[in-house]
Amino acid sequence: MSRHFADITCTPGVRATQQRYLGAPLPTPAGNPEAILGDRERAFIAARDSAYLATVGEGGWPHVQHRGGPPGFLRVIDERTLAFADYGGNRQFVSIGNLAGQPKAALILMDYPNRRRLKLLAEITVLPADEADPTLVAAVGLPGAPPTERVMVLHIAAFDWNCSQHITPRYSARELAALDIPSTPSHP
Ligand SMILES: Cc1cc2nc3c(=O)[nH]c(=O)nc-3n(C[C@H](O)[C@H](O)[C@H](O)COP(=O)(O)O)c2cc1C
């Protein structure tokens, strides 16, 4: 676990639980307390075509939403900032409503073929498109998509790579096509 991720997630309750089951709280990891996305993280994020986005409502319940788009829909703005376009969708506005009360979110980004995953913690600013910097609005816009309604700006607080042990390799249609597997010969 990275230092910045542990600083946020290893709360007193988590540390007390580590004490109970492990005999001692996990030591604070070495490393940078600041979450700076390196080349590896930026390349990984830029290649993703989906993400799971968790927010927390006023009742304390987490809510997980799936977000997707063409690879790179989650734009890397700089080494601490991501952004993506948001639309009304099902008109429920659960994520946006949750973020209005508690602007913190967790994301899991999966690379199933390579069995990699990246977890992100971020503070999210929700900008109506007509109030956002036009350059930012243009940056999150997707080819063929309607005009962006809102820009979700993610200020990265922490990230962490997970172990790949239990990730089953899966392939999207696009990834399968890129593998260029010869078709199975038909049998008489
Ligand atoms: C025109 C339009 C385009 C959309 N494009 C995407 C998209 O590219 N990716 C995505 O994950 N969701 C897309 N959605 C769905 C919504 O963004 C999303 O489901 C919605 O905000 C509900 O989430 P919430 O209730 O958690 O806020 C689109 C919705 C509409 C109406």
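Where is the place of Arg48?

1. In this model, which is predicted, Arg48 sits in the loop between α3 and β1. Since a residue counts as buried when its relative accessible area is under 20%, Arg48, with a relative accessible area of 6%, is buried. Leaving aside residues up to four places away in sequence, Arg48 touches Pro70, Pro71, Gly72 and Phe73, and also Leu109, Met110 and Asp111.

2. Helix α3, made of residues 39–47, lies across β3, β4, β5, β6 (116–128) and β7 (150–161), and its direction runs at about 75° to β6.

3. These strands belong to an open sheet of seven strands, which can be traced in the order β2-β1-β5-β6-β7-β4-β3, with antiparallel pairing. At the edges stand β2 and β3 (75–78), each of which has a single partner strand, so one side of each is left without a neighbour in the sheet. From one strand to the next, the twist averages 35°.

4. Rolling a probe the size of a water molecule over the atoms shows where empty space is left. The largest pocket has a volume of about 310 Å³, and of the 18 residues that line this pocket, Gln65, Arg67, Asp86, Tyr87 and Gly89 are the closest to its centre. The elements that contribute two or more residues to this lining are β2 (62–68), β4 (81–86) and α4 (94–101), and β2 gives the most, with four residues. Sorted by class, the lining of the largest pocket holds eight nonpolar, eight polar and two charged residues.

5. The second largest pocket has a volume of about 160 Å³. Its lining consists of 13 residues, of which Asp49, Ser50, Met110, Tyr112 and Glu175 lie nearest its centre. Here β1 (50–56) and β5 (104–111) are the elements that give two or more residues to the lining. By class, the lining of the second largest pocket has five nonpolar, three polar and five charged residues.

Definitions and conventions:
Residues numbered from 1 in each chain as written. Predicted model: local features only at pLDDT ≥ 70, side-chain atom pairs only at ≥ 80, totals over all residues. Heavy atoms only, no water. 1 Å grid on protein atoms, 1.4 Å probe; cavity = no way out; pocket = protein on both sides within 12 Å on 5 of 7 lines; lining within 4 Å. Points joined across faces, edges and corners; volume = space filled by probe spheres on them. Nonpolar A, V, L, I, M, F, W, Y, C, P; charged D, E, K, R; others polar. Pairing = 2+ DSSP bridges. Axes fitted to C-alpha atoms, helices over the stretch in contact; angles between N-to-C directions. Contact = heavy atoms within 4.5 Å. Buried < 20%, exposed > 50% of the residue type's maximum accessible area, 1.4 Å probe, protein only.
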